[in-house]
Amino acid sequence: MRPFLSLLPFLLALWAPAVSLGDEPAPPAAGIPDTLEFNAIPPDTLTGTEAHHSEADQEDQEWMSARTGDRLITDRDLWRARGSRTSTWKAFLDYNRVDRLRFGAGYELQVRDPMAPRLGGRLEYADGRDQTLYGVQIEQPILRPGRISVGASLVRRTDYHELHQLSDFENTVALLLARHDYRDYWDREGEGVYLAWRVPDFSTVSVHWRRDQYRTLVSHGATSWFNRDAELRPNPAIDDGETHTVALSMEKGARTTLHTQAGTYHWVEAEWAGGSLGGDFTYTRVLGDLRGVLRLTPATTLMLRGVAGTTTHGELPAQKVFPLGGPDGLRAHSFAQYQGEQVALIQAEYIIGLWKLRTGAFEGGLHAIVFADAGQAWTDPDHRWSIGDRKIEMDGGVGLAAAEDKLRVYFAKDLHRTSSPFVITARLQRPF
């Protein structure tokens, strides 16, 4: 295992300022209101600095597949923002080409005492492969005021790459309506322990040790309501085996709400596998995802994202290789068109609020979007992050959104090929 200091320049560089649903866009949601207002946005609205949101607005999407708890425990600040409840039950339902129908329930317990333990659990059944899936995590603060904690988790889950950013619901809708599954899956079973330090207004810094068994999953077929004659992409094989890893992570996640607050957000992880740790794979891998939200005027927002990943030692198993292309990045290219042990991606969206739509049950409006994506994924035999030697793919286009962070339709074009057609995609949440 190489010393951490060998990765310090790359981490500092990362820290520097930085569904498809077919060809027809889905219509905006409609209510049956008593009154309907459809007006230009006044200059004193949509500032993005609202101090309070409704409970529905506070519900978050999965921002990244962070290791902490395998998404079994909610971030403490987000939990507190939801109100005074101490526990919650959730139902899960997903439809994909390896599990077919996957359903289950989850439970989470958090109390206001900062030194009290936090608990999360999840139990599911995948009918396509007749497999019970589970997850449990417990975290215990060890020093007042509860910013340093130790935790442990035990999971078996249908997993996918952390750069695949579609939610379960979005991916299910894409499969049912357009026969597209925008994830590649594998079975992961393992356990881990971690030490986390929550640094206020900066990040959650954590160190993890994990042992995971990876298994290839095969497609079990899936039924779609439309586009049934289209061939469903098979689920690719991975490198089966066991990993023993140590990882250092820093994370400050953005919440997907009606009005995402201005600020910067990050997820950075350095991971070491093999060597003295044992296991079937040996590699050193770093991945960073940095995002920023800038409120330029009351009605205009600039959203930025930068992704960089590299492998400095060893060889990545197939499930750890970086994919690029599709609705998560390079939106005019096909899903995971580029793959490699290094990746670079820059995305920008300029959002203009045109009108505000308000009814008794719905608040949204019409937003115009101008966007651009630039990036590439590749493998360098010398383990160099040789971005300067690569052809950078560039996509751009326009879009419309029914709400700032909700339903949106994109018209993307490969900017290197002037004769290329527009690729029309729909999303049910903002892509980053």
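Are Tyr 182 and Phe 335 buried or exposed? Both are buried. The points below take up this pair and other features.

1. Confidence. This is a predicted model. The chain has a mean pLDDT of 83, and 80% of its residues reach 70 or more. Residues 1–61 stay under 50. For that stretch the model has 116 contacts beyond four places in sequence.

2. Strand pairing. Strand E8 (residues 203–216) runs antiparallel to strand E9 (residues 241–252), with 11 bridges between them. One of the bridge partners is Ala 247 in E9, which pairs with His 208. E9 also joins strand E10 (residues 263–273) through eight bridges, again antiparallel. Here Lys 252 stands opposite His 266 in E10.

3. Aromatic pairs. There are five in the structure. One of them is Trp 89 with Tyr 107: the ring centres are 4.8 Å apart and the planes meet at 50°, so the pair is tilted. Trp 89 sits in strand E2 (residues 87–96) and Tyr 107 in strand E3 (residues 100–109), 18 residues apart. Trp 89 counts as exposed, at 66% relative accessibility. Tyr 107 is partly exposed, at 26%.

4. Tyr 182 lies in the loop between helix H4 (168–178) and strand E7 (185–199), and Phe 335 in the loop between strand E13 (322–324) and strand E14 (338–340), so the pair ties together parts 153 residues apart in sequence.

5. Charges over rings. Arg 122 lies over the face of Phe 92, 3.6 Å from the ring centre. The charged end of Arg 331 sits over the ring of Tyr 410, at 4.8 Å from its centre.

Notes. Residues numbered from 1 in each chain as written. Predicted model: local features only at pLDDT ≥ 70, side-chain atom pairs only at ≥ 80, totals over all residues. Heavy atoms only, no water. Pairing = 2+ DSSP bridges. Helix = DSSP H or I, 4+ residues; strand = E, 2+ residues; numbered from the N terminus. pLDDT = per-residue confidence, 0-100. Contact = heavy atoms within 4.5 Å. Phe/Tyr/Trp six-rings, centres within 6.5 Å; stacked < 30°, edge-to-face > 60°. Buried < 20%, exposed > 50% of the residue type's maximum accessible area, 1.4 Å probe, protein only. Lys NZ or Arg CZ within 6 Å of the ring centre and 35° of its normal.
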